[in-house]
There are 2 protein chains.
Amino acid sequence: MPLMRARTRSPIRRRRAGSNAIALSDVARAAGVSTASVSRALNTPELVSENVRAAVQAAVTRLGYIRHSAARALASRRSMTIGAVVPTIAYSIFSAGVEAIERRLEEAGYALLIATSDYSLERELRQVRILLERGVDGVILVGRYHRPELARMLQERAIPYVCQGAYEAEGPHPCVGFDNHAAMASMAEYLLGLGHRRIAMLAGISADNDRVIDRIAGARAPLNRAGLDFVPGGLVESRYDVAEARLAMKRLLALRPRPTALLCVNDVLALGALFEARAEGVAVPAELSITGFDDFDFARNVEPPITTLRVPAPEMGRGAAEQLLQRLMGQSPPQATLLPTTIIARGTTGPAPAG
Amino acid sequence: MPLMRARTRSPIRRRRAGSNAIALSDVARAAGVSTASVSRALNTPELVSENVRAAVQAAVTRLGYIRHSAARALASRRSMTIGAVVPTIAYSIFSAGVEAIERRLEEAGYALLIATSDYSLERELRQVRILLERGVDGVILVGRYHRPELARMLQERAIPYVCQGAYEAEGPHPCVGFDNHAAMASMAEYLLGLGHRRIAMLAGISADNDRVIDRIAGARAPLNRAGLDFVPGGLVESRYDVAEARLAMKRLLALRPRPTALLCVNDVLALGALFEARAEGVAVPAELSITGFDDFDFARNVEPPITTLRVPAPEMGRGAAEQLLQRLMGQSPPQATLLPTTIIARGTTGPAPAG
DNA sequence: TTGTAGGCGTTATCAC
DNA sequence: GTGATAACGCCTACAA
């Protein structure tokens, strides 16, 4: 009996440093009930008598007890935490989405761990690994493209996930979003309808980015159907930054003959294009029509207000959270949810100039 | 020996549902070492032999082991998680700060739990309570004003915290930021120096918001020294939203005689003011000078570019994270860190019109 | 409805 | 440098 020996040798009970915080057992003692009852009173009050509930409640407030979620997570095998990986939160479309996710999760008692991928799928994968270490119960991603290991890791651990901001009816990933291809196609058709034939495109960096790729292809489709394409040299990529967009726009404005219309992949790019056009003395929309994408705050307030396409960012965030919560409760929501987008015609577009 | 009895009764070892994931003990078995050695190989590799390190490493990758941070948190009494409460992440100044915080924390192996207060101190307090339940090791807040219970809760649990975006040399809270009063005072002096005497102010909602209050007082100070004040009816509050700012600006433009200069509490408000002025045909800066605050992306790109005051948002975020990390490592960084701001004179300000 | 007690996956203490 | 093994604070199957 080596155990006895050990006990005999060091009769003083071993204690780890710094366990000073009030624990559930302290509440139990104060309330004169068992720890199980305290746990139940806190988590499933309907399973406990009125007396116990009141006593526990009183003890909790008196002692200022705060639950220890690491211990809960360990024992219950659920962390009540969701992870989200977004490209950046510095662009209002994403931050609006994240805020919506957070609000919905908060209602359900979940916390949100946010990580940024900086538009890199490799970094996205690393971030998901970190989120898994953190024991998230579910994951929210952006877009259709992901490293194959990512889904594998998630599926192996049976961690539900939802991709937001894109839509793919038959795709491998659950998603809630809109059809980027169709949306941009409708914008291109709108320009064609205005009589434009010389059309250019200011895109984001397409590497790793399905939304950009879909939007470029979406713009091209109706052009091709009309026997057209972007003007030669008329497809330029730029980071999502007004200053960079202006630089890219410089190149587009140097094309001869100049395009009469420009499709931008988002509103930041459109804003940069608009500023640069104005600085170069190019009249918008008289000489050049410009379209945005997203409908962020400033789109409607610049002069002229930007014609753009409203993207349902908060609805997507809320929808993604909702779908994840349903999965977490064992339900089977639809694999893909399609949200609508609308073209908002404002002041930066007009009929193609004559000639 | 009741234990023996129990064992005899149910000889099959009890197993909780779903403990399917690979645990550290699995790695230990695979590597042929003890769990203690695995733990050491992972956390303090310098304390184990090369052999053990290699064997553990191999087993980890072969099994696809991922650490269980709840268990780590429980055993080590540190969650390696920091909480941050910001008013909103939908405004680029805050999202830039949050991104900077996140980057620095990531380097140090900490995760960031983000919560929003929506500019309410009450909600901020609730969010901190939730963060404490989550077992955060430290907290980052915004501003000087907080509910007294907040600091008490944090101090009771010895959770370090830092307030960001404001500066108070002798204040009760550790902080890293700049002096809102002084910054806005310098802007007011700048306008006085341009000869303006009829000055108005477009402020944010001042309730619960020390930054707004400090900036209003800061603007007033040099005016008062010059025997002036805002023009009657010339102090208006608005939410941080371009549309709302335009509404507020309408009232300011209706004042007679009209102010010749307007101090805005941030760039969003300045942008709204600028748009509204233009819509009303008021020439900026010929008839009216407008100043912003923050220097967000669009400030330099609108036409005319906005005169504003650069706020070191990423530096504050990084600095706050840094200071917290130091506290977590048992160091004692300065209680208050002051960061510089600079006026950036651009196109929305000019000399006061004659007469 | 309530209590008992084992186990969740790690870390850290102790002994070697 | 390494191994054995008590905690860590809570949840929950089971028994009463």
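Chain B superposes on chain A by a rotation of 180° with 0.1 Å of shift along the axis, and the structure holds 15 aromatic pairs over all chains. The model is predicted, so local features need pLDDT of at least 70 and side-chain atom pairs count only at pLDDT 80 or more, while totals for chains, interfaces and linings use all residues. Residues are numbered from 1 along each chain as its sequence is written, chains are lettered from A and ligands numbered from 1 in the order in which they are written, and side-chain values use heavy atoms, with hydrogens and water left out.

**Symmetry**

- Two copies of a chain are related by a rotation about an axis and a shift along it.
- Here the rotation is 180° and the shift 0.1 Å, with an RMSD of 0.1 Å (least-squares superposition on the C-alpha atoms of residues with pLDDT of at least 70 in both copies).
- That is the relation of a two-fold axis.
- The same surface serves both copies, as 100% of the contact residues of chain B recur in chain A (contact means heavy atoms within 4.5 Å).
- Of the residues of chain B, B:A70 comes closest to the rotation axis, at 2.3 Å for its C-alpha.

**Open sheet of chain B**

- In chain B, 4 strands form an open sheet with parallel pairing, in the order β7-β6-β8-β9 (strands are DSSP runs of E, at least two residues, and helices runs of H or I, at least four, numbered from the N terminus; two strands pair if DSSP finds at least two bridges between them).
- The edge strands of chain B are β7 (235-237) and β9 (289-291), each of which pairs on one side only.
- Neighbouring strands of this sheet are turned by 15° against each other on average, direction ignored (axes are lines fitted to C-alpha atoms, for helices over the stretch in contact, and angles run from 0 to 180 degrees between N-to-C directions).
- Strand β8 (residues 261-264) of chain B is joined to β9(B) by 3 bridges and runs parallel to that strand; B:L263 stands opposite B:T291 in β9(B).
- Helix α9 (residues 180-193) of chain B packs on the sheet, where the helix touches β6 (199-203), β8 and β9 of chain B, and its direction makes about 170° with that of β8(B).

**Aromatic pairs**

- The total is 15 aromatic pairs over all chains (rings of Phe, Tyr and Trp, the last by its six-membered ring, with centres within 6.5 Å; planes under 30 degrees apart are stacked, over 60 edge-to-face, the rest tilted).
- A:Y91 and A:Y240 form a tilted pair, 6.4 Å centre to centre with 35° between the planes.
- This pair links distant parts of the chain, 149 residues apart.
- A:F298 and B:F298 form an edge-to-face pair, with 4.8 Å centre to centre and 85° between the planes.
- A:F298 lies in the loop between β9 (289-291) and β10 (308-310) of chain A and B:F298 in the loop between β9 and β10 (308-310) of chain B, so the pair joins two chains.
- Both A:F298 and B:F298 are buried (under 20% relative accessible area; exposed is over 50% and partly exposed in between, with a 1.4 Å probe and protein chains only).

**Cysteines and a helix residue**

- The search finds 0 disulfides over all chains (a disulfide is a pair of cysteine sulfur atoms within 2.5 Å).
- The sulfur of A:C163 is 7.0 Å from that of A:C175, the closest cysteine sulfur, which is too far for a bond.
- A:A321, in helix α13 (residues 313-328) of chain A, counts as buried because its relative accessibility is 0%.
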